[in-house]
Amino acid sequence: MLTFDQVSKSYPGGFIALDRISFELAKGEMAFLTGHSGAGKSTLLKLISLIERPTSGRVLINQIDLSRIRRHQVPFIRRDIGIIFQNHRLLMEHTVFDNVALPLIIEGFTGKDMVKRVHAALDKVGLLDKVRCLPETLSGGEQQRVGIARAVVNKPPLLLADEPTGNLDPELSKDIMQVFEAFNQVGVSVLIATHDHGLVARMRYRTLTLKQGKMINDGLLQFEEPL
Amino acid sequence: MSILFSGRATGATAKKISLMQRWWMSWTHHLRQAIGSLGELWRTPLASLMTIAVLGVSLTLPTTLHLLVKNVQSISGSFTQAAEISFFIKDDATEAQITTLRTMLSADPEIEQVHFISKQQAMEEFSQLSGFGQAMQHVADNPLPNVLLVLPRNTQPQAAETLRARIEQERIVEFGKLDIAWLERLDAMLLLLRQAVLAIAVLLLSAVLLIIGNTIRLSIMNKKEEIEVMKLVGATDAFIQRPFLYTGVWFGLFGGCLAFLIVELMLWWLEAAIGHITELYHSHFTLMAMSLSEFMALIGIAVALGLAGSYLSVSRHIRAIEPTGP
Ligand SMILES: Nc1ncnc2c1ncn2[C@@H]1O[C@H](COP(=O)(O)OP(=O)(O)OP(=O)(O)O)[C@@H](O)[C@H]1O
Ligand SMILES: [Mg+2]
């Protein structure tokens, strides 16, 4: 469903963040993306969500080349992709409810239907009691979970997560991973970028490993490799 | 329908709702966004009030000038007597001759009205008005002539002039006097005034456009972060624009209303002063205030400028904001 075909990305200034990356993620597959800090994990996710465009190579979703997507179509692409951002990216002046409701409002949901979906999403991440709070009053981990609720609220068929457990304790990390697994079980494709090696090893999912922009491993992580 | 995932029904359209319901939903949605923008203005009351005040003042000047032109025009319009022709009667004309001429002129199809001012009447009026009453009593011989005031049916300067020339032929008429030069001058001045007002109005209205555009630009910059997030979760430019457009409309509306209030206050204040002057001139001039249609035009122009100003700003700056991602 998601295909990277010899994708390279160099940032202005000539820094090569990704170097001829090729892989494929099947429909309903869940995979981890690991690598040292600066390896290019976020860059790879940005190429999928059309925040950045590749320098060369092709990124395809369902055989549709993302380079063919025109500017005005980008918002509609992003509605199909749930993204959990490394730095949360919440609206700090709006309540948790408003934050989670945003993707729904954009898609034209209103009234009871919208409220029901928002509550369901917040329930999944265990934040139903914080609906009326402002993100500022939440802990880092709680903010992270608001971001997760927002990413899944409109049930996207593809979920990208950039360090979703960065600020969570092991217990909560496990809960959140279970949320992802639950989504995966209903057919959502999930790609999770993370540093958390213990987590990756425990979960035993396919793991893509990047090192200085190159893909050095694709498959189950066999051993605790020093990254 | 999704572009990438065929068969994925997206958004509220996924539910089957009637056209009527959808229409109703879009209206309530717009209303909610409009009220939301109003709330945004309220969050920064001082800044919003300042902007509205600037807009109000900028709109007041063209409105006032318009009213000025309108009033001056109505004054000049009330001078149809300007086309009045005065015929000075020869001193040796007899009472009977004058009466004959009066009846003859009254019957003339080109003449609307004939009014006779005898030399005695003229004298009385003059001494009353001039305040020279006492002095005039000492003038033994009345130097003023008998005058026939003729109001032509056709008040155009050209026609009036022909009429004057014709009646001047009468034997007992010394000469006829048609004072049209100043009328022409007044007309020319009015035209000039109107053009000046138009130029000033255009300048000030473009100022309004720029003020609104800049205010909206600043509020876009303040919300850069928020706009990026909205773009990241799939908001179209149009969706992000709408609240800002509403903000522009509110600015226009409030600015227009403020201008109206200022103008009304000014008229009320001037009314007393003008009443005093017109009394001195024995005239029944009353200041013409803003009519309903003029009020609507003011508000309409203000709102349109608000919308246009914010659109100019929004269409450029929102497009320029691109998220830099996770
Ligand atoms: N906008 C940019 N302009 C220039 N260089 C960039 C930009 N974004 C990222 N880079 C560079 O690209 C490299 C990869 O960055 P990326 O954010 O993908 O790393 P990462 O694997 O997500 O790291 P981390 O685990 O710390 O989040 C980094 O060396 C970074 O300096
Ligand atoms: Mg990163």
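**A helix of chain B**

Helix α10 (residues 292-320) of chain B has 29 residues that should span 42 Å at 1.5 Å a residue, which agrees with the 42 Å between its end C-alpha atoms; the expected span is 1.5 Å times one less than the number of residues. Helices (H or I, at least four residues) and strands (E, at least two) are DSSP runs numbered from the N terminus. A kink of about 30 degrees is centred on B:Val314, the bend at a residue being the angle between axes fitted to the seven residues ending there and the seven starting there. Among the buried residues of α10(B) are B:Leu298, B:Ala302, B:Leu305 and B:Val314 (under 20% relative accessible area, with a 1.4 Å probe and protein chains only).

This is a predicted model, in which local features need pLDDT of at least 70, side-chain atom pairs count only at pLDDT 80 or more, and totals for chains, interfaces and linings use all residues. Residues are numbered from 1 along each chain as its sequence is written, chains are lettered from A and ligands numbered from 1 in the order written, and side-chain values use heavy atoms, without hydrogens and water.

**The mixed sheet of chain A**

Six strands of chain A form an open sheet of mixed pairing, in the order β6-β7-β8-β3-β9-β10, where pairing requires at least two DSSP bridges between two strands. Its edge strands are β6 (81-84) and β10 (214-219). Strands β6(A) and β7(A) run parallel and are joined by four bridges, and A:Ile84 has A:Ala161 as its bridge partner in β7(A).

**The antiparallel sheet of chain A**

Four strands of chain A form an open antiparallel sheet in the order β2-β1-β4-β5. Seven bridges pair β1(A) with β2(A).

Methods: Buried means under 20% relative accessible area, exposed over 50%, partly exposed in between (1.4 Å probe, protein chains only).
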